Amino acid sequence: MSSVGKSTNIFWQECSVGKSDREKLLKQKGCVVWITGLSGSGKSTLACTLGRELHNRGKLSYILDGDNLRHGLNKDLGFKAEDRAENIRRVGEVAKLFADAGLICIASLISPYRKDRDSCRALLSDKSFIEVYMNMPLDLCEARDPKGLYKLARAGKIKGFTGIDDPYEPPLNCEIEIQQQDGICPSPCVMAGQVVNYLEEKGFLHA
């Protein structure tokens with residue numbers, strides 16, 4: 001019996017089929033690929049391209065997109081610091097479950113605060129949290145502005161927008177960093193290939 005948060009008198013139910021059994025069935029190892037970066041840095045593009053590449057290789061993955069999750073799981077949260085923290089906490093817990101199921105979970109969120117990302121990393125103790133930092137300069141992201149949010153933030157119509165009037169704390173020890181080469185952004189396929197190569201080298205694409 002244990003108490004966790006506000007929950008008391010709860011028990012952890014063990015089952016005979018565990019993570020390793022599911023991984024053998026899927027012929028892959030469950031993990032979390034956490035893509036972080038400014039709005040417009042290419043997180044969703046990478047996530048979707050990576051998902052397609054893994055699918056083509058016969059590997060099962062699932063994308064947790066920050067905006068999509070705010071349509072359901074996190075629709076009760078705003079963008080204040082405490083809401084952002086709770087947003088990331090929930091996604092981290094869901095990502096942990098997907099990894100435990102043996103899937104390659106691709107989480108694509110701005111996730112601006114280092115402490116929140118590190119808390120998600122701590123949920124997975126077997127080095128199966130792979131942080132991918134989309135290190136793209138603010139001026140590039142603002143020039144892209146695919147959702148028109150930077151324009152609104154500059155006009156004062158959006159408050160607390162990451163990179164404008166709210167900070168983004170870059171990772172200190174990410175597993176993968178994607179950035180421009182000689183001022184040119186790598187293509188989606190090249191970026192996805194970089195992540196796939198890492199997963200292959202670390203043994204996540206076979207059980």
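1. Let's begin with the pair α4 and α5, whose axes come within 9 Å and cross at roughly 20°. That makes α4 roughly parallel to α5, a label for angles under 35 degrees, with over 145 roughly antiparallel, 65 to 115 roughly perpendicular and the rest oblique. Axes here are lines fitted to C-alpha atoms, for helices over the stretch in contact, and angles run from 0 to 180 degrees between N-to-C directions. The helices and strands themselves are DSSP runs numbered from the N terminus (helices H or I, at least four residues; strands E, at least two).

2. A word on provenance: this is a predicted model, where local features need pLDDT of at least 70 and side-chain atom pairs count only at pLDDT 80 or more, while totals for chains, interfaces and linings use all residues. Residues are numbered from 1 along each chain as its sequence is written, and side-chain values use heavy atoms, with hydrogens and water left out.

3. On the α4 side the contact is made by Arg84, Ala85, Ile88, Gly92, Glu93 and Lys96, and on the α5 side by Asp116, Cys120 and Leu123. Contact means heavy atoms within 4.5 Å. By class, these residues divide into 4 nonpolar, 1 polar and 4 charged, where Ala, Val, Leu, Ile, Met, Phe, Trp, Tyr, Cys and Pro count as nonpolar, Asp, Glu, Lys and Arg as charged, and the others, Gly among them, as polar.

4. Which residues of helix α5 are buried? In α5 (residues 114-123) they are Asp116, Arg117 and Cys120, with buried meaning under 20% relative accessible area, exposed over 50% and partly exposed in between (1.4 Å probe, protein chains only). They cover an arc of only 100° around the axis, which puts them on the same side of α5; the arc is that of the directions from the helix axis to the C-beta atoms. An α-helix has 3.6 residues a turn, so residues three or four places apart point the same way.

5. What do the buried residues of α5 pack against? Their partners are β3 (31-37), α4 (81-100) and β6 (129-135). The face turned away from the buried side carries the exposed residues Lys115 and Ala122.

6. Strand β6 holds Glu131, which counts as buried at 3% relative accessibility. Leaving aside neighbours within four places in sequence, Glu131 is in contact with Trp34, Thr36, Arg117, Arg121, Pro171, Cys174, Glu175 and Ile176. One of these, Arg117, is also among the buried residues of α5.

7. Now for another helix pair: α2 (residues 43-56) and α8 (residues 188-201) pack at an angle of about 60°, with their axes 9 Å apart. That makes α2 oblique to α8, and their crossing is right-handed. From α2 the contact takes in Thr45, Leu46, Thr49, Leu50, Glu53 and Leu54; from α8 it takes in Pro188, Cys189, Met191, Ala192, Val195, Val196 and Leu199. Sorted by class, the contact has 10 nonpolar, 2 polar and 1 charged residues.

8. Ser61 touches Gly51, Leu54, Leu103, Ile104 and Ile106 once neighbours within four places in sequence are set aside. Ser61 is buried, at 18% relative accessible area.

9. Not counting residues up to four places away in sequence, Gln179 touches Asn135, Met136 and Pro186.

10. Two residues with positive phi are worth a look. Asp182, in the loop between β7 and α8, has phi near 55°, a positive value in a residue other than glycine, and counts as exposed at 81% relative accessibility. Asp145, in the loop between α6 (138-144) and α7 (149-154), has phi near 35°, again positive in a non-glycine residue, but counts as buried at 16%.

Notes
Left-handed = near helix turned anticlockwise from the far one by under 90°.
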